[in-house]
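Here is a short briefing on one protein chain. Keep the sequence and the 3D view open as you read.

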Amino acid sequence: MDRELYGREAVLSDSGLAARLTGLTPYGFARVAYEHGDDPPVTVFTGGRGMGKTALLKQLRNAYREATPLALLDCARVEPPADHGPGWTPLTGALGELAVQLSPKVHAARPVQFPRLSLGLVAVASIGWAQDDDERARRDLQRLGPVLSTVDATKGAAANWVTKVLSKLAARAAETTAPMAGLLAEATVETVLEEVFGRFQQRADSFYGSYRNAGGRGRAGLQQLAVDFEQGGRRRRQAEDFLVGALVEDLCRAYTGLTRAGTRRGRPVLLLDNAHEPLGRRLIEPLLRARADGHRDKVVVLAASRVHEHEALRHATRLRLPETAHRAPCPRGTDVTSGILAVALTPLSPAQTQSAFDRLDPAGRTPADLARGVHRLTGGRPLGVALLARAAAEAPAARRAALTPGALLDLTVELREDSAPVPVAATLLAELLPQARRGPLAVLAAAHDEDSARVLARTRLRAEAPDGDLVLAVRDRLRAEDWPEGPEHFVADPLLRALLLHRLRFHDGDAPAYAAWRAVHETLRQYYGPAPSPYRLHHDLALGRTEEAVTHLRLTFPDPDVHGWLRRLRFLASAPYPRERDRPGPDPRRAVALGREPAGPLPDGLDDEDLELHLCLGRLLHALWLLTDPLALPDEDVTDKLAHELRRLSGRHLTGHSPLWDAATHWPRDIRAWRAIAVPPGREDGV
């Protein structure tokens, strides 16, 4: 069953990018004019973890698999078979898997055969065989059975041809002293042609006549291919490139020479996930080079790359997903990679996020602003939106009315009917950082920059990186995953940072001590001490201590640099709140912001005027802390209180009336529009 994909209509609609590349509408299979004629670009969807690349490729597979030959391959998950010979590489394994997926019969067209690729794979498989090890040869040959079955299902699946190959190998080995790789390849290919291929496929070996040193002789080309493959290095890459060409040639032959009744509609489709991996490049680059040389094929390649700035995309035409809805020009230049159309997947819009919530909870039993709050937390990352929307729909009835984005992270969600519910935060974090050790990352997520992260690494993570700088290793890992970098946090992405800090606080299950959380923030507090700097006070707030922060705001309030004071206020209020899990009732910051509870103990010796200012600043800090927290939801009463306190402050300052008044006007607008509050107030870029 298809998953609902929001915001991907530019690809999946009847006139979308996929239809214009394949020549067929999804599901209905009506004809569509080809946008790029006989020279379609390799289309690469780019986006970080959780942006929906894999989901999009899977939906494309579901939309077209009954209409045209199609294969979906994850270039990061081609697993080597047990005890394979040297003739197996990730590329040869991938080619065999692609051929098997592409071969079945589809709507109004017969199955695709892969005789050329089969011969090439048979030839290179033979390089690891020895005269006294029939069993390895037998295993390698039997693994090729599914590919050979695309030529003749009955003969390829049978075992008698394997026995005949082994007999011929033994006879040839006893008669000659020629190089073994070429000898074994010749005997293997010869037997396969005789025993598996029918009369019309036996000329398939002529394709290899154009291989180096073949002189137009197909059998000689296959022998040389095996020798080059065995040699390794540059020669093996040349042989592997030729095998990619064999796959493409077999696909092209399936579209030529057919009778009118057997004419195929549309084009064959290769869907390559994680194409930024080395295997992805090994599959795509030979095809790009052939196209750059003027060779034309009918293969539509739709790939996904987690790395937006990958070197292989250096000359690609770049478009954002919505720009491809009706037209996607990709002019070919002189560089090979100009044949790539790189399409950046865009986040979901707030309206699309709301649609995801409405679909799972049509009765609207959760807070009206919850979907918008989830959009702020996730940045519209489809994976996060989908999982949190499901968590909201499955939440216990007693908790739905008070749900916040943070409360959603505390829930469990049922992803499959045949398995137990899983924790939302841990599941989402595992999807976004699937191969990382998340414990060290959770510690470093509390840091602001590399220097403060290095302090945590030295004091809290000494055993994690005995061979180098842990901070640089983590930084490079985040860059490789295409996570954004920012000036105020070592882990800049709000969703990733929130999930890591959630793990830091709750993973050990040691409430109310929260030992790991407390130790990390105490370490950073001491690093920035002893003076009450904004960074030190930021970690005070993360530990639940607000008194010194309010005092600092009061003492620095008379400074003439009001914009600087507002920046410090905004930074202090960005501290992670020390939440309690599954806490019922309203957020404790709300009562303080509205003046119903004190912000904390009052300093001694304050006169009435300073006391009033101190109380006002305590309410202001808690209001801003709550309203800008991505794990909370904005509160209209608190927003009004924020504006009220800022207007009162504008009348108290000797010189900074205007910035404070502007903040009272613009900050509530920013909050109600779900924008980051801006300094100077009114600047939409927030700088």
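Strand 3 and strand 4 (residues 300-305) run parallel and are joined by four bridges. Across that pairing, leucine 272 sits opposite alanine 303 of strand 4. The model is a predicted one.

- Strand 3 is mostly covered, with five of its five residues buried.
- Val269, Leu271 and Asp273 point one way from the strand. Leu270 and Leu272 point the other way, and these residues too are buried.
- In a regular strand, side chains alternate between the two faces of the sheet.
- Strand 2 pairs with strand 3 in parallel, through five bridges.
- Valine 269 in strand 3 is the bridge partner of leucine 70.

- Six strands make up an open sheet, in the order 2-3-4-1-6-5, with parallel pairing.
- Strand 2 (70-74) and strand 5 (317-320) are at the edges; each has a single partner strand, so one side of each lacks a neighbour in the sheet.
- From one strand to the next, the twist averages 20°.
- Helix 4 (residues 90-102) packs on this sheet and touches strand 2 and strand 3 (269-273). The direction of helix 4 makes about 150° with that of strand 2.
- Strand 1 (residues 42-46) and strand 6 (residues 340-344) run parallel, joined by five bridges.
- Phenylalanine 45 stands opposite valine 343 of strand 6.
- Strands of a sheet pair through backbone hydrogen bonds, in either the parallel or the antiparallel sense.

**Strand 5 and threonine 317**

- Strand 5 pairs with strand 6 in the parallel sense, over four bridges.
- One face of strand 5, Thr317 and Leu319, is covered. The other, Arg318 and Arg320, is uncovered.
- Threonine 317 belongs to strand 5 and stands opposite leucine 341 in strand 6.
- Is threonine 317 buried or exposed? Its relative accessibility is 17%, and the cut-off for buried is under 20%, so threonine 317 counts as buried.
- Leaving out residues up to four places away in sequence, threonine 317 touches Pro329, Cys330, Pro331, Ile340, Leu341 and Ala342.

**Helix 22**

- Helix 22 (residues 494-506) has 13 residues, which should span 18 Å at 1.5 Å a residue. The end C-alpha atoms of helix 22 are 18 Å apart, which agrees.
- Helix 22 is mostly covered: 11 of its 13 residues are buried.
- Among the buried residues are Leu495, Leu496, Leu499, Leu500 and Leu501. Arg497, His502 and Arg505 are also on the buried list.
- Which helices do the buried residues of helix 22 pack against? They are helix 15 (370-378), helix 17 (405-409), helix 18 (424-432), helix 19 (438-444), helix 21 (470-480) and helix 23 (515-528).
- Aspartate 493 caps the N-terminal end of helix 22. A side-chain oxygen of aspartate 493 lies 3.1 Å from the backbone nitrogen of leucine 495.

**Helix 29**

- Helix 29 (residues 636-652) has 17 residues. From first C-alpha to last, helix 29 reaches 25 Å, close to the 24 Å expected at 1.5 Å a residue.
- The buried residues of helix 29 are Val638, Thr639, Leu642, Ala643, Glu645, Leu646, Leu649 and Ser650.
- Seen down the axis of helix 29, these buried residues fall within an arc of 165°, so they line one face of the helix.
- An α-helix has 3.6 residues a turn, so residues three or four places apart point the same way.
- The buried residues of helix 29 pack against helix 26 (562-572), helix 27 (588-593), helix 28 (608-627) and helix 30 (657-672).
- Aspartate 635 caps the N-terminal end of helix 29, with a side-chain oxygen 2.9 Å from the backbone nitrogen of aspartate 637.

**The whole chain**

- The secondary structure of the protein chain comes to 30 helices and eight strands.
- The C-alpha trace spans about 110 × 55 × 50 Å along its principal axes.
- Of the 687 residues in the protein chain, 54% are buried.
- Among contacts with a separation of 6 or more, 69% are between residues 24 or more positions apart.

Note on methods
Residues numbered from 1 in each chain as written. Predicted model: local features only at pLDDT ≥ 70, side-chain atom pairs only at ≥ 80, totals over all residues. Heavy atoms only, no water. Pairing = 2+ DSSP bridges. Helix = DSSP H or I, 4+ residues; strand = E, 2+ residues; numbered from the N terminus. Axes fitted to C-alpha atoms, helices over the stretch in contact; angles between N-to-C directions. Contact = heavy atoms within 4.5 Å. Buried < 20%, exposed > 50% of the residue type's maximum accessible area, 1.4 Å probe, protein only. Expected span 1.5 Å × (residues − 1). Arc of directions from axis to C-beta. Polar contact = N/O pair within 3.5 Å; in protein donor to acceptor, adjacent residues only side chain to side chain.
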